Amino acid sequence: MLLKGKIALVTGASRGIGKEIARRFIEEGATVWGLATKPSVGAEELSEFATKHGSVYHELIADIGDPSSVQPVITAALKESGGFSILVNNAGITKDGLSFRMKLEDWESVLKINLTGTFLVTQIVSNDMIRKRAGSIINLSSIVGLHGQGGQVNYAASKAGLVGYSKSLAKETAGRGVRVNAVAPGYIETEMTDAIPEEARKVWLESIPMKRAGSVTEVADTVVFLASDLSKYITAQVIGVDGGMGA
Ligand code: NAP
């Protein structure tokens, strides 16, 4: 029970990595508030899972890229929950395409959701953490933000932005008891990566030193570590979960 008594907010909790983070948090004793754009089967499953563990899963609906949608929802959840001791900014999207023909709206929407959305949620939650002098914030970056990837200039810029954002925020909050770290997954099997064509998938797998994709649980376990007191002297770091790809 690494997170017993903790209250966590996880964005993008309806499926994929975020859903698994929420599930592992519940297993470790945390109460989880999970946010997505719409009600989902994933949230129903997390609710059932929480009940089995004697806990409650709280579903929040908002678009993190839209201040008028997300700010009131997070403010109300903060009040109702009594404050979050863990925040995981996991929600993210891709709109891939080569740079020279990328539409401005595809550039802007990825930056708006992946980067500005994280800023909007974190600003509200971290102010409360700072007041209480305790908290752990974990932002989901990507190996693509560290090493680049053709066809993903918008996504790479947003994920590289999250690295600078996390390290800078960590320096602002370190003296006030709030830690901020980023996790940079490599190739993880989810709906996001299901969209990759078979040929590209083979090339990608070949480039991973461990010769396999990662699982959502392997990412979630790293997030549990960063959320827990096991990592209490770790801040402003980016941890790769990538089978050696980023080395
Ligand atoms: P996913 O399966 O596509 O799930 C994305 C989640 O984000 C969903 O819960 C979705 O909610 C939510 N979301 C999207 N736009 C949102 C918005 N505007 N407001 C609120 N929630 C929103 O993604 P994933 O593969 O699990 O990836 C999770 C995170 O890890 C992302 O930040 C991704 O960039 C990062 N990552 C993934 C991989 C990988 O290999 N999968 C690798 C590196 C980094 P709805 O269900 O409502 O749409």
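Helices (H or I, at least four residues) and strands (E, at least two) are DSSP runs, numbered from the N terminus. The model is predicted, and local features need pLDDT of at least 70, side-chain atom pairs count only at pLDDT 80 or more, while totals for chains, interfaces and linings use all residues. Residues are numbered from 1 along each chain as its sequence is written, and side-chain values use heavy atoms, with hydrogens and water left out.

**View 1. Thr222 in helix α9.** Thr222 belongs to helix α9. Is this residue, Thr222, buried or exposed? Buried means under 20% relative accessible area, exposed over 50%, and partly exposed in between (1.4 Å probe, protein chains only). Thr222 counts as buried because its relative accessibility is 16%. Its side chain reaches the backbone oxygen of Glu218 at 3.0 Å. A polar contact is a pair of N or O atoms within 3.5 Å; within protein, one must be able to donate a hydrogen and the other to accept it, and residues adjacent in sequence count only if both atoms are side-chain atoms. Not counting residues up to four places away in sequence, Thr222 touches Val183, Ile239 and Val241, where contact means heavy atoms within 4.5 Å.

**View 2. Asn90 in the loop between β4 and α4.** The loop that holds Asn90 runs between β4 (86-89) and α4 (104-132). With a relative accessibility of 11%, Asn90 counts as buried. A polar atom of the Asn90 side chain lies 3.0 Å from the backbone oxygen of Gly12. Gly12 is also one of the residues that Asn90 touches, not counting those up to four places away in sequence; the others are Thr11, Ile17, Gly18, Ile21 and Leu140.

**View 3. Ile7 in strand β1.** Ile7 is part of strand β1, which covers residues 7-11. Ile7 and Ala30 are 23 residues apart along the chain, and their C-alpha atoms are separated by 5.6 Å. Leaving aside neighbours within four places in sequence, Ile7 is in contact with Thr31 and Trp33, and also with Ser81, Gly83, Phe84, Ser85 and Ile86.

**View 4. Lys211 and Ala236, two residues with positive phi.** Lys211 is found in the loop between α8 (198-206) and α9 (216-227). Its phi is near 60°, a positive value in a residue other than glycine. Lys211 counts as partly exposed because its relative accessibility is 48%. Ala236 sits in the loop between α9 and β7 (238-241). Although Ala236 is not a glycine, its phi is positive, at about 65°. Ala236 has 17% relative accessibility and so counts as buried.

**View 5. The chain that holds these sites.** The chain has nine helices and seven strands. Its radius of gyration is 17 Å, close to the 18 Å that the globule rule gives for 247 residues, so the chain is as compact as a globular protein of that length. The radius is taken over C-alpha atoms, and the globule rule is 2.2 Å times the number of residues to the power 0.38. Along its principal axes the C-alpha trace spans about 45 × 35 × 35 Å. Of the 247 residues, 50% count as buried. Among contacts with a separation of 6 or more, 75% come from residues 24 or more positions apart.
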